[in-house]
Amino acid sequence: MKLVVDDRPVELDPGATVLDAVNRLGVPLPQLCKDPDRAPLGACRTCLVHVEGMRGTPAACHLPAREGMIVSTTHPEAARVRTAVLDLTRSMLSDGEGRNGFGQVGAAVTRHGLAGPGFTALHHFETDASKSFFVLDREACILCGRCTTACDDVQKIGAISMLGRGDTMKVGVAGDALMSASVCTSCGQCVATCPTGALRPKEVPAPIARRVETTCPYCGVGCGITLNVRDDHRLAVMADDAPANQSSEGMLCVKGRFATGFVHARDRIVRPMVKREGQWHPVSWDEALDAAAEGLARHRGRFGALASAKATNEDGYVIQKLCRVVMDTNNVDHCTRLCHSPSVEAMLVSMGSGATSNSYIDYERAGCLMIVGADASANHPVIAIRFRRAMTRGARIIVINPKRVELCDQADLFIQPRPGTDVALFNAMARVILDEGLANLDFVGARTEGFEEWRASLAEFTLERAEAITGVPAADIAQAARWYARPPFAGSCLIWGMGITQHTNGIHNAHSLLNLSLVTGQLGVPGSGISPLRGQNNVQGCGDAGCIPTNLPGYQHYEPTTLAKFERAWGAAPPPRPGLVVTEMVEGCLDGAVQAMYVVGENPLLSEPDLNHATKAIAQLDCLVVQDLFMHETAELGHVFLPAAAFAEKEGTFTNSERRVQRVRAAVPPPGEARPDWWITAELAKRVARRVGLDVGRQFDFDSASQIFDEMARLIPFMGGLSHERLDREGGLQWPCPTADHPGTPYLYADSFPRGLGRFVPAVQTAAAAELPDPDYPFVLNTGRLLYHWHGGTMTRRVEGLLELAPRLEVALHPADARRLGVETGDPIRVSSRRGDLDGFARLTEAVRPGAIFIPFVKLADSAANFLTNSAHDPSSKIPEYKVCAVRIEAVRAAVSSGRIAAARRPRQENDSP
Ligand code: SF4
Ligand code: SF4
């Protein structure tokens with residue numbers, strides 16, 4: 001379509017509005033209620049224009065563009081009416097122009113010559129400052145509805161709405177309460193869209209020098225964010241979202257939007273340090289790298305590296321290359337071992353690829369979502385928004401979780417099995433699918449193997465037996481099977497989290513799920529798929545880059561032709577056998593198999609189970625080199641500390657949960673002498689090589705992250721078509737993307753599986769857990785994450801607003817149990833297991849079953865759930881059983897001061913009675 005605006009021609013696609021034409025040309029026209037990413041609301045009437053041949057002054061946002069239209073924004077009548085509307089609009093603002101330079105109103109008012117006092121507002125409204133990151137200043141509100149639409153239609157939360165009528169109308173929460181008392185999750189979607197600054201961050205604004213598009217450093221959703229960089233090189237708190245070609249499509253959660261402050265934390269370590277006589281001493285890079293290289297060279301062959309799933313792909317690639325080329329070992333691992341190793345292993349066995357098969361958008365296309373052992377609202381909030389969108393489209397939502405998570409309130413079916421009984425549940429569902437003729441036998445026949453053996457293994461899993469084992473009514477199990485196999489429309493997505501994997505039978509749990517997808521054929525087409533929700537921002541990429549002991553980069557096997565390929569590229573062949581996983585490395589510290597470790601961006605002394613045991617093990621190391629942003633529990637035991645750059649201070653890529661490789665860009669320089677991880681590791685590799693007499697040529701002479709990426713792409717076939725330059729040009733792309741002209745792959749397994757046929761693997765219901773409740777330890781402990789903290793809290797504890805939202809460790813327990821124990825919400829309690837104890841505060845909730853408790857594994861006030869957890873692990877994937885262990889609870893009478901229990905966590909001593 002061609003039309004003319006203010007005498008300038010413009011071309012538009014069908015379906016566009018006149019406002020699109022105006023904005024395409026960059027013509028300044030007020031549009032106060034129009035969010036650039038959303039459909040028009042038509043509420044503010046400030047975008048009025050004149051159109052030749054048309055009566056009146058229509059609102060451009062609601063006017064469909066038509067071929068040949070002649071539009072004027074400067075026509076006297078349009079300008080007159082618009083000015084009058086703006087004058088009325090500004091009468092709603094106590095200062096007439098919006099707050100603190102945030103507002104678009106001020107600019108529009110000035111442009112229309114409305115300086116000076118306007119009408120006087122009749123009513124005065126309270127400011128709500130109860131949220132930690134932002135205020136709702138109603139005297140700066142023009143009731144445009146952008147915020148309520150953002151909360152309702154975008155985030156699907158509905159925390160705020162228009163209250164009252166006429167001139168007393170205002171934005172508020174149900175019951176006219178404070179926002180802090182509402183269901184508001186502090187996502188900031190409303191703040192980002194407010195055109196006047198009525199909703200604005202509490203942080204005092206500063207001029208923005210530039211904007212840098214990058215990727216969120218928190219969870220595996222991998223939302224695109226735009227970092228606003230202030231004149232003083234600090235990141236402004238109000239990060240906005242990146243273009244819609246990224247995975248978040250304009251949505252963020254509280255951490256992505258507000259929690260980048262850790263980058264500027266005062267306790268960042270900004271100089272390399274070595275420890276002498278028990279004290280840390282700042283030294284030069286040369287001195288620190290030499291000390292680290294010396295220690296590692298002494299223990300070549302008795303060495304392990306823990307790479308960071310928070311660092312970039314390029315960082316991870318160089319770490320594994322150091323291990324395989326210089327240290328002659330495959331002992332390199334990362335935190336996937338502690339979250340999704342059973343998923344990855346089971347998918348590699350059954351499909352031949354260890355990644356999510358679908359794209360996020362498929363959750364919104366599917367007719368059924370079965371969400372198992374995952375609390376997306378807390379862990380992957382932007383994915384949870386997509387689940388809520390699917391609900392409004394009529395998809396069946398099945399939530400399976402021992403804990404009543406937030407999504408259960410909206411689900412069609414909530415199944416609450418006893419912990420550790422997943423195989424019985426899913427095998428019984430499989431039997432229903434087969435017995436009721438719901439299987440996709442064409443798919444089974446053409447695309448799978450092992451069907452008959454698997455079918456035979458299901459014989460004992462009748463609905464009655466499954467009900468007895470799981471505690472789930474047989475009718476619910478059958479209903480879930482029917483909806484998953486035959487959704488009301490499109491396909492089904494199977495989504496799971498660590499509730500499935502962090503068990504001693506994690507691998508069986510994962511296989512029992514994958515078998516369901518194979519027997520129903522619910523994968524390989526849009527609107528279906530299998531999705532292990534990945535925890536950390538780059539846990540997918542860290543594994544892709546080769547930071548796992550079981551495979552070479554790109555999950556390539558230790559077989560002669562592949563080893564030869566790597567030898568040609570690296571000038572040295574990697575050892576031909578798998579190395580130690582992280583849990584084995586920790587044990588190796590005790591038996592001498594590991595005497596030196598290189599720990600990058602991880603804190604195993606917070607993330608390992610049974611922390612007292614892990615601490616004893618790590619303390620045995622002769623050389624511990626830690627590379628990080630902060631001093632932490634593991635670093636305290638280190639010998640050399642190498643200060644690293646944060647995500648906002650370096651170039652590179654992250655790969656999210658849907659296999660999308662996305663750019664990470666430097667927005668600010670690293671503080672002090674901190675350096676990008678890849679640079680530090682490469683320097684270390686060269687120095688170790690010299691000491692062990694290895695000629696590594698120019699293997700570690702990298703000039704840039706992009707050069708590292710190119711080397712990685714040459715060696716990993718499924719990334720062969722990617723480069724920084726292409727990602728900059730086209731935005732994030734999903735692997736497999738084998739060639740430069742390949743568009744990337746939104747969903748896997750359309751025609752075949754990487755291993756050929758999909759493989760059914762019989763899953764066995766073993767004992768529910770390695771440690772079950774008994775009279776001494778009568779409760780089952782379940783652990784997980786919180787919305788307001790991330791993982792152990794190393795980053796989020798340094799963000800004041802998050803600490804305000806979740807300042808102390810809360811132990812969720814059922815009211816019936818609390819009554820017996822004589823505790824109320826807020827009472828201090830002590831939780832003990834056979835391995836240690838911690839102090840926290842009771843929170844009574846029916847979200848947990850009677851006899852079960854839940855503790856997040858963030859460390860707050862010296863308390864961390866992993867002092868309690870059990871290191872018993874799945875024999876195959878080696879994942880520890882974080883989700884189940886036996887504990888007891890007692891009320892603590894200790895004095896409470898400033899929100900903390902005076903009696904801090906006390907590690908269990910060996911001579912303590914059980
Ligand atoms: S911060 Fe998010 S949840 Fe809270 S009111 Fe705004 S949009 Fe709604
Ligand atoms: S959902 Fe995850 S990736 Fe997205 S903004 Fe939140 S923490 Fe960041």
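This is a predicted model: local features need pLDDT of at least 70, side-chain atom pairs count only at pLDDT 80 or more; totals for chains, interfaces and linings use all residues.
**Ligand 1.** Around it I found Phe134, Cys151, Ile157, Ile160, Met179, Cys184, Thr185, Ser186, Cys187, Gly188, Gln189 and Cys190. My tally for this shell came to eight nonpolar and four polar residues, again with no charged ones.

**The largest pocket.** I looked up its volume, which is about 1100 Å³. Which residues lie nearest its centre? I wrote down Glu406, Leu786, Leu787, Tyr788 and Arg843, out of 39 lining residues. Sorting the lining gave me 24 nonpolar, four polar and eleven charged residues.

I also wanted to know which helices and strands take part. Helix H12 (376–379), helix H13 (381–392), strand E31 (810–813) and strand E34 (852–856) each put in at least two residues. Which of them gives the most to the lining? That turned out to be H13, with four residues.

A reminder to myself: most residues other than glycine have a negative phi, and most peptide bonds are trans. With that in mind, I went looking for exceptions.

My first stop was the bond between tryptophan 735 and proline 736, and that one is cis, with omega at about 0 degrees. I placed proline 736 in the loop that runs between strand E28 (733–734) and strand E29 (758–759).

Then I checked aspartate 7. It isn't a glycine, yet its phi is positive, about 70 degrees. I found aspartate 7 in the loop between strand E1 (2–5) and strand E2 (8–11). Is aspartate 7 buried or exposed? I put it down as exposed, because its relative accessibility is 73% and the cut-off for exposed is over 50%.

Tyrosine 555 went on my list too, as another non-glycine residue with a positive phi, this time near 60 degrees. I traced tyrosine 555 to the loop between helix H21 (539–544) and helix H22 (560–570).

Technical notes
Residues are numbered from 1 along each chain as its sequence is written. Chains are lettered from A and ligands numbered from 1 in the order in which they are written. Side-chain values use heavy atoms; hydrogens and water are left out. On a 1 Å grid over the protein atoms alone, a cavity is a set of points where a 1.4 Å probe fits but cannot get out, and a pocket is an open set with protein on both sides within 12 Å along at least five of seven lines; lining residues have an atom within 4 Å of a point. Grid points are joined across faces, edges and corners, and a volume is the space filled by probe spheres set on the points. Ala, Val, Leu, Ile, Met, Phe, Trp, Tyr, Cys and Pro count as nonpolar, Asp, Glu, Lys and Arg as charged, and the others, Gly among them, as polar. Buried means under 20% relative accessible area, exposed over 50%, partly exposed in between (1.4 Å probe, protein chains only). A residue is near a molecule or strand if one of its heavy atoms lies within 4 Å of it.
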